[in-house]
Each structure stands twice: as C-alpha cells, then as structure tokens.
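Let's walk through this model together, beginning with a pair of helices and moving on to a pocket. Keep the structure open beside you as you read.

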Amino acid sequence: MNSVTHSGTSVVGKASRFLLTSRRLCDTSRINGDETDPRIEETLKITWEASEMDCSFAEEHEKVSVRKRFLESTKLGASQVLDTLHQDCPGFNTKSALDELNVQISGLLVREVLVGILRRLSFDNKTRCAKLAYKFFVWCGGEESFKHTANCYHLLMKIFAECGEYKAMCRLVDEMIKDGYPTTARTFNLLICTCGEAGLAREVVEQFIKSKTFSYRPFKHSYNAVLHSLLGVKQYKLIEWVYEQMLEDGFSPDVLTYNVVMFASFRLGKTDKLYRLLDEMVKDGFSPDLHTYNILLHHLATGNKPLAALNLLNHMREVGVEPSVIHFTTLIDGLSRAGKLEACKYFMDEMVKAGCTPDVVCYTVVITGYISGGELEKAEEMFREMTAKGQLPNVFTYNSMIRGFCMAGKFKEARLLLKEMESRGCNPNFVVYSTLVNNLRNAGKLVEAHEVVKDMVEKGHYVHLISKFKKYTRS
C-alpha cells in the first residue's frame with residue numbers, strides 16, 4: 001500500500017515537472033546568443049526523469065518478484081519439513097534430517113508447518129501430532145537468527161488443545177512468558193476452551209486475573225477480558241464467580257461487564273438477578289446499549305411475553321435507540337423457540353414496516369420454527385420468499401428444510417435439496433449429512449442412506465468422521 005502511494009506521489013511530481021518543462025520550451029524569449037539552449041537541458045532532464053520513472057517501476061516489479069519467490073520457497077520448504085516429520089520414528093534422527101533440508105526458518109514457515117500438522121490431525125494420531133509439532137517448534141527455536149512470535153506459540157497451543165494435551169499447554173504458556181511475550185485474550189481463550197473440559201477452568205482464570213504479564217487491552221481491565229472470553233465458551237457459572245471476585249478486588253463494572261453478567265444470568269435462568277443487575281447498571285449511570293436491549297428482548301421472547309417485547313421495542317425508539325435486524329431476529333428466535341409462530345410472523349412484518357430487511361439468519365430462524373412446529377408448507381413458502389428476495393440460503397437453512405422433508409417422509413425432496421445446495425456452492429456440513437442419513441435409516445431406507453454416505457466419501461467430505469455412521473463400509 002505504501003509503495004503504491006509513494007509511486008503515485010512520484011508520478012504526480014514528475015507530471016507537474018513535465019508540464020513546467022513544456023511551458024519553458026514554448027517560451028523562446030529565454031534563448032540568448034551564446035548561452036546553451038535551455039530547451040536542450042530541459043529535454044535531457046525529461047529524458048532522465050523518464051528513465052528514473054522506469055527504474056522506480058522496475059524496482060517495484062522486482063520487489064513483487066522477490067516476495068513471490070519467498071512465498072513459493074516457504075511453501076516448498078514447509079512441504080519438505082512435513083514430509084521429514086512424517087518419517088519420524090525410533091532410530092530416525094529427525095533433527096539432523098531437518099538440518100539437512102537447509103530451509104530458511106521464518107515466521108511464515110512455522111505457520112505453514114503447524115497449520116499443515118493441524119490439517120493432518122485425526123483422532124488416531126493426536127499424540128504423534130502433538131509430539132511432532134513440539135519437536136519442530138523446538139528445532140526452529142534453536143536457530144540463532146530466528147525468534148518465535150506470539151502467533152507461533154498460539155498455533156502450537158491450538159495443536160495441543162486439539163490433542164487434549166492440557167499440561168503441555170500450561171507449560172508452553174510458562175515458556176512463552178519466560179521468553180518475554182505477554183499473554184493475551186487469545187492465549188486465555190485457547191486455555192479456557194480446553195482446560196474448562198478438564199475441570200481446571202477456575203484455576204486458569206485465577207492465574208490470568210493475577211498475572212502481571214496479561215495484556216488485556218482493549219478491555220478496561222483483566223476482569224473484562226476474562227469475562228468476555230468466558231462468554232464465548234459459555235462458562236456462565238464461572239462468569240458469576242469472576243464478577244464476584246472483581247467486586248471484591250475493588251474494580252467497578254462498566255456496560256460491557258453488566259451485559260456479560262446479565263446474559264449469563266439469563267442463560268442460567270436467574271430472572272431476578274438479571275433485572276437486579278439492570279437496575280444497578282442504571283443507578284451507576286450507565287444507559288442500556290444495543291446489546292442490553294438484545295438480552296432483554298431474548299428473555300421476554302423465550303418467556304412467551306410478546307406484548308412486553310413490543311412495549312420494549314417502542315421504549316427503545318422513545319429513548320433514541322432504533323431496533324435493528326439483530327433485535328428483531330433475536331425476538332423472533334425467542335418466540336420461535338416458545339412455539340409462538342404467529343407472533344413470529346407479526347414481528348417479521350413489523351420489522352419490514354420499520355425499514356429493516358430480513359436477512360438469511362432471520363429467515364432461517366422462522367423456517368426452523370415452522371419445521372419444529374410441523375408446518376412444512378409454511379416453511380417452504382418462506383424458503384421460496386427468501387430466495388425470491390435475493391437472500392441465499394445458508395447451510396443452516398438447508399439443514400432445517402432437509403430435516404422438515406425427512407420428518408414429512410419426503411425423502412426424494414430432501415435428497416434433491418441436498419443436490420441443489422451443492423450446485424449453489426453451499427457445501428453441506430456433517431450435520432446435514434447426518435440429518436439425512438439418520439432419517440433415511442430410521443425409515444428403513446438403508447440403500448438410500450448408504451448412497452448418501454458413499455457420495456459424501458467420494459467427494460472427500462468428512463471422511464475422518466465416517467466411523468460415526470454405523471454399519472457403513474467402503475465398497
């Protein structure tokens with residue numbers, strides 16, 4: 001970007017000088033007897049400037065070529081490293097073999113190799129992948145001219161997480177801190193996602209809250225960074241505990257803090273606490289924001305209180321907060337879950353009246369509600385409407401429709417929809433295949449179920465999950 005800017009500036013400068021030169025060439029009064037004709041000097045100057053311009057473009061082209069060669073060389077090197085690591089076994093000197101490759105170690109090479117290991121990771125080779133990744137990581141770190149970045153550490157942590165190597169992750173974090181890298185929200189996210197499953201979540205939280213190396217920006221303080229991360233991994237009970245610790249340590253909550261804790265209270269079914277926190281928020285001088293209203297709308301909708309939700313929407317407008325597509329979708333989703341399909345349609349119409357165009361998520365929510373309520377025809381009508389209005393169905397929309405056809409025994413339509421989905425460039429996920437295969441089997445259509453799985457395997461989709469389909473054998 002900068003090089004383009006500089007080139008642009010250079011071109012403009014040279015163009016202006018060219019115009020000045022042209023003006024001088026037209027001014028014959030400046031030519032004096034024995035003096036050198038200034039037109040010759042100016043012509044020479046133009047020729048020099050033009051050659052300089054050519055050089056600048058040539059240099060830029062050379063930079064692009066160098067960058068391209070570096071990328072190609074790195075990808076080739078990564079491929080060689082992965083092949084060498086694959087040979088690792090007792091009696092094989094992996095370090096020497098890697099040294100002999102003579103590849104240039106860089107942050108990009110480390111990334112390419114670690115991502116390559118992640119892609120090859122499966123249930124059967126977890127332990128091996130973790131060992132190979134660490135062996136490669138240590139080998140790179142031994143190079144004097146190279147130093148790992150925080151991203152390198154995070155990638156290795158991701159591999160350890162996928163392999164269930166919790167203790168190795170914690171040791172790596174200690175090593176990261178020792179090497180002078182601050183731990184960030186990304187570091188915490190990786191740890192909490194895995195250690196939470198191992199029952200170490202509270203211990204990890206305490207470690208990060210008290211850590212002096214925890215870089216919690218852009219959050220107000222470490223507590224907010226931790227709360228935000230815990231929300232992402234649905235650790236609602238732990239959110240309540242962290243909030244209590246935060247107050248005990250003398251930290252004041254802000255709007256983000258209140259929103260996270262209120263959402264946790266909503267998910268835990270603690271309605272009284274939700275509204276108590278809302279009162280505290282207002283008393284502390286904070287006005288509810290878009291996220292606050294979204295939480296309240298979701299609570300009212302799932303609590304089957306459409307009238308109260310409508311009043312809240314009107315209140316939002318009164319205080320200058322215009323409801324968005326997200327607010328209406330949240331409300332419709334909650335009503336859909338409560339089985340209030342007529343109310344869903346009413347608020348969808350209100351949404352359009354308010355100038356908000358329903359998006360694919362909103363349509364999918366309504367379609368899913370109709371399918372769950374056994375109203376396939378209305379779901380089909382909504383599906384046709386969304387495509388007619390230019391909203392392309394996503395994988396979740398298709399999954400709901402395929403499930404609806406299966407529930408109605410329309411397996412031919414379900415399989416046709418799977419083909420339509422693929423023809424539109426929307427790749428089915430494993431849930432889509434599972435929905436169709438399981439329903440076919442339950443209906444006794446074993447041959448058709450086998451055909452769907454076979455087609456999935458031939459296309460190279462989710463081959464590593466094939467064991468989840470019982471009694472399937474490759475022909």
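Predicted model: local features only at pLDDT ≥ 70, side-chain atom pairs only at ≥ 80, totals over all residues.

Now find helix H10, residues 222-232, and helix H11, residues 236-248. Their axes lie 9 Å apart, and the helices pack at an angle of about 170 degrees. H10 and H11 are therefore roughly antiparallel to each other. From H10, the contact is made by Tyr-223, Val-226, Leu-227, Leu-230 and Leu-231. H11 answers with Tyr-236, Leu-238, Ile-239, Val-242, Tyr-243, Gln-245 and Met-246.

Next, turn to the largest pocket, which holds about 430 Å³ of space. Its lining has 19 residues, and those closest to the centre of the pocket are Leu-290, His-291, Asn-294, Ile-295 and Ile-326. What is the make-up of the lining in nonpolar, polar and charged residues? The residues of the lining divide into 8 nonpolar, 8 polar and 3 charged.

Finally, step back to the whole chain. Its secondary structure comes to 23 helices and 2 strands. The chain has 475 residues, of which 40% count as buried. Among contacts between residues at least 6 apart in sequence, 58% join residues at least 24 apart.

Key: Residues numbered from 1 in each chain as written. Heavy atoms only, no water. Axes fitted to C-alpha atoms, helices over the stretch in contact; angles between N-to-C directions. Helix = DSSP H or I, 4+ residues; strand = E, 2+ residues; numbered from the N terminus. Parallel < 35°, antiparallel > 145°, perpendicular 65-115°, else oblique. Contact = heavy atoms within 4.5 Å. 1 Å grid on protein atoms, 1.4 Å probe; cavity = no way out; pocket = protein on both sides within 12 Å on 5 of 7 lines; lining within 4 Å. Points joined across faces, edges and corners; volume = space filled by probe spheres on them. Nonpolar A, V, L, I, M, F, W, Y, C, P; charged D, E, K, R; others polar. Buried < 20%, exposed > 50% of the residue type's maximum accessible area, 1.4 Å probe, protein only.
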